Every structure is written in C-alpha cells, then in structure tokens.
Amino acid sequence: MSKQTYVRTKPHLNIGTMGHVDHGKTTLTAALTKVLSERGTGAFVPADRIDRAPEEAARGITINIAHVEYETETRHYAHVDMPGHADFIKNMVTGAAQLDGAILVVSALDGVMPQTAEHVLLARQVGVDHIVVALNKADAGDPELTDLVELEVRELLSAHGYPGDTTPVVRVSGLRALEGDPRWTGAIEALLDAVDIYVPTPVRHTRAPFLLPVENVLTITGRGTVVTGAIERGTVRVGDRIEVPGTDVATVVTGVETFGKPMESAEAGDNVALLLRGVARDAVRRGHVVAAPGSVVPRRRFTARVYVLSAAEGGRRTPVSTGYRPQFYLRTADVVGTVDLGATAVARPGDTVTMTVELGRAVPLEPGLGFAIREGGRTVGAGTVTTVLP
Ligand SMILES: Nc1nc2c(ncn2[C@@H]2O[C@H](COP(=O)(O)OP(=O)(O)OP(=O)(O)O)[C@@H](O)[C@H]2O)c(=O)[nH]1
Ligand SMILES: [Mg+2]
C-alpha cells in the first residue's frame, strides 16, 4: 500500500452547491472539476459519479463520495454536492456539511424557485456567511430575462440578511463548459475566482481539544472501524488517544486520511476518515462525537433561544406549547426532546422564544451550539443553546 500522502500547502475550505432541483448543481460541480483538471490541480469527476451513493465508495478508508476535492492557486477545497433536496436539508441542519461558503445555483431560465429560497434561509440559519451565485444555463437564457433573474436573486439574498447588492453573481453554463466551449470554461474560471476572493479563509479552532461529530461509520475488512466527518475543532494524528463520550469507547487513532490520502496531522475544517483501534462496528454511530479524552461531557438539558419558522418559510401553521416533543438536530445527532416554554406558554410561527429542552438522551452540548428542530420531515425551528443545565 503506497498511497500518496496529503501535503497541506494551502488553506482548506469546505464549500458546496445548493439550489432548486434540476437547476444544474451536479453538472456545475462536474464542470468545476473539469476546468481544474485542465489546470492540473484536480481530477475530473463526471456528473454520474458525483450522484452515486456513498456506500458504493466504501473502499479504502475513503469519505462520502458526494464530496469532490480540488485546488485553485490559493486554496484546497472540499466541495459537497448534495444529491437532492432532502439530503441538502439533512446535511445542512445536522451540520454535516459545515460549509465555509456556498455556491447558490439558480437556473437563468427558471429564476428563483421555492427551494432556492428555502436553501438561502437554511444557509443563513446554520451560519453560512458567504454565498456566491452561479446563474446557470446562461447558454440557453435570454440575456434580458437573465438580468431580471439576477435582480430577483439579489433581492432574495438581501431579504435574508446577505449583502445582495455586492454578492458576486456569475453567469455560467455547466453543460457547455463540460463540452469544452472556451466561452463557458472561462465563465467557470470567473466563478472560481469569485469564490477564492469572496469567501474568506475561516479562522479554525485548532488549539481547542479535538472534536469530530461522526457522520458515518464504516468497517474495513482486516483493518477495523472507521469514522468519518468534518473536524469541528482541534487537531488529530496517528497515535492520539480519543474517546466517544457516552459510550465505553476509549482507544487510539491508528489511521488518518482525507480523500483517500493518509495525513500526518488533520485539523479543524478537514474532512477526514479515522481508523480506530479495536472498536466494534456497532459501538459508534452517526450522532456520536469522537473527542480528546475528558474534554466533553454529554448532557440532556439546556436552555435556548429558538426561532419558530413561519408557515411561509415552510414551518408550522399552529403554535407550539409546553410538552411539545419534536426532533432536535444537534451536530450530526438526531434526538427527540421535550420543550418547556415556562411562563411564555406558547410560541407562534414567526416568534423567537426562550425555551428549556430535555433531550431523550445525552449529547455534547455547549453555549452557542446551533441546532434545528424538525417534525414530520420538515424544519420548524432553528435555535442556539444559551445555557447547559446539569
Ligand atoms: N442548457 C443547459 N442545461 C443544463 C445546464 N446545466 C445543467 N443542465 C441540465 O439540467 C438538468 C439538471 O441538471 P443537474 O446537474 O442534474 O441538476 P441538479 O441541480 O444537480 O439536480 P438535482 O440534484 O436533482 O437537484 C440536466 O438535464 C442538465 O443537462 C446548463 O448550463 N445549460
Ligand atoms: Mg444533482
């Protein structure tokens, strides 16, 4: 086994494509890899390979195939193209995507559609601070209509607290760029430049104790159990001791990889696969965290500020009251919880309220941790932990 080691020469960022179904997210992702493969800083990944299910890629200790990686002159990117609307919601609300920036794909032919708006709202809630717009299918759109679509997108962004007037909007054609048409490969270059310039290099908490929310667990015959996910904080290297709070797992990391390449040391922001010594496959699950020993104590109760989505935002039509038991999505965990609204007693759609929550099982909690509240497959609220209770 002589795999090439990952050498960190540039800052690493996590970005992704979002937008309404069929607006061309996957085609654009493929086009980005094609243009960069021609520059020699990435491998071309055709659209049908991006859309493939993660399980099919469980060779080596490789991570979710919905991620592709590429480099520009100044950065290394992991790019996640979420295969469908439901996956997008799941990845965004669970924090699995952990995007530093997003490319909002809007078809110049169709303009802003319901999921365009929903994704912008969700991006805002989960703390994606920087959006670059790709007005896709510009090859087929009438330029004057495309101008109107651009205005519409800028208004949408402004309405959700993004700087709509100054957000880069680049007219692209993923399809024509894939065919190698120089006008449109040039547009993809312009989009990449916009991302490089507009999305700032995030500050990573590399000095904090190591924490990895587990996104996926795989078994590699003959090697053991592997957990994958994006490192939230700290660093990790082969030989480090770790534990999985709330379980009996306390062991040593015996392998660290990113995109199939072994790493010397991984840090906050990296998408990694960790091989854990002597851990049974069913001992660790999505929703657990892997942490530096003694650094995290799982808890069940907290107070939070919560925004209850309005019906227009896809939320509930009726108020919630004390005793309400929805699902809470905290990092990659999905846990039932009981709401206590105290003296307020009810919260109407569109309200921001303080609540106390008691979760069905303990998870690592801390002030400032964001979460989503879901019920019957839709997002009904978004909040932030204010106090962790004993
Ligand atoms: N004319 C034109 N068609 C495009 C372009 N990009 C994508 N398409 C077509 O639009 C359709 C949808 O493209 P996808 O890339 O699968 O769209 P998507 O947003 O990933 O779709 P979901 O993942 O299902 O939400 C396909 O038929 C593409 O060939 C483009 O730049 N120009
Ligand atoms: Mg797609």
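**Reading the model feature by feature**

Guide: Let us begin with Lys 10, which is buried because its relative accessible area is 18%; buried means under 20%, exposed over 50%, and partly exposed in between, with a 1.4 Å probe and protein chains only. The model is predicted, so local features need pLDDT of at least 70 and side-chain atom pairs pLDDT 80 or more, whereas totals for chains, interfaces and linings use all residues. Residues are numbered from 1 along each chain as its sequence is written, chains are lettered from A and ligands numbered from 1 in the order in which they are written, and side-chain values use heavy atoms, with hydrogens and water left out.

Visitor: Where does Lys 10 lie, and which side chain does a polar contact join to that of Lys 10?

Guide: Lys 10 belongs to the segment before strand β1. Helices (H or I, at least four residues) and strands (E, at least two) are DSSP runs numbered from the N terminus. A polar contact is a pair of N or O atoms within 3.5 Å; within protein, one must be able to donate a hydrogen and the other to accept it, and residues adjacent in sequence count only if both atoms are side-chain atoms. Here, the side chains of Lys 10 and Glu 71 are joined by such a contact of 2.8 Å. A polar atom of the Lys 10 side chain also lies 2.8 Å from the backbone oxygen of Thr 72.

Visitor: How should I read the length of a helix, and what span should α1 have?

Guide: The expected span is 1.5 Å times one less than the number of residues. For the 15 residues of α1 that gives 21 Å, and the end C-alpha atoms are 21 Å apart, which agrees. Helix α4, residues 114–125, has 12 residues and should span 16 Å; its end C-alpha atoms are 17 Å apart, which also agrees.

Visitor: Which residues of α1 are buried, and which of α4?

Guide: In α1, 11 of the 15 residues are buried, so this helix is largely enclosed by the rest of the structure. Among them are Lys 25, Thr 26, Leu 28 and Leu 36. In α4, the buried residues include Gln 115, His 119, Val 120 and Leu 122.

Visitor: What can the backbone angle phi tell me?

Guide: Most residues other than glycine have a negative phi. Asp 22 is not a glycine, yet its phi is positive, near 70 degrees. Asp 22 sits in the loop between β1 (12–18) and α1 and is exposed, with a relative accessible area of 65%. Lys 137, in the loop between β5 and α5 (143–159), likewise has a positive phi, near 65 degrees. Lys 137 is partly exposed, at 26% relative accessibility.

Visitor: How many residues surround ligand 1?

Guide: There are 15 such residues, and the closest are Gly 24, Lys 25, Thr 26, Thr 27 and Asp 139; a residue is near a molecule or strand if one of its heavy atoms lies within 4 Å of it. The shell divides into three nonpolar, eight polar and four charged residues; Ala, Val, Leu, Ile, Met, Phe, Trp, Tyr, Cys and Pro count as nonpolar, Asp, Glu, Lys and Arg as charged, and the others, Gly among them, as polar. Helices α1 (25–39) and α6 (174–178) each supply at least two residues, and α1 gives the most, with three.

Visitor: Which protein atoms lie by the oxygen atoms of ligand 1?

Guide: An N or O atom in the side chain of Thr 27 is 2.5 Å from a ligand oxygen. A backbone N or O atom of Gly 24 lies 2.9 Å from an oxygen of ligand 1, and a polar backbone atom of Gly 174 is 3.1 Å from a ligand oxygen. Taken alone, ligand 1 exposes 650 Å², of which the protein buries 74%; accessible areas come from the Shrake-Rupley method with a 1.4 Å probe, and for residues only the protein chains shown count as cover.

Visitor: What does the UniProt record say of Thr 26?

Guide: The unreviewed UniProt entry has the annotation "binding site" covering Thr 26; UniProt positions are given in the numbering used here, feature names are shortened, and annotations may be inferred rather than shown by experiment. Thr 26 is part of helix α1 and counts as buried at 15% relative accessibility.
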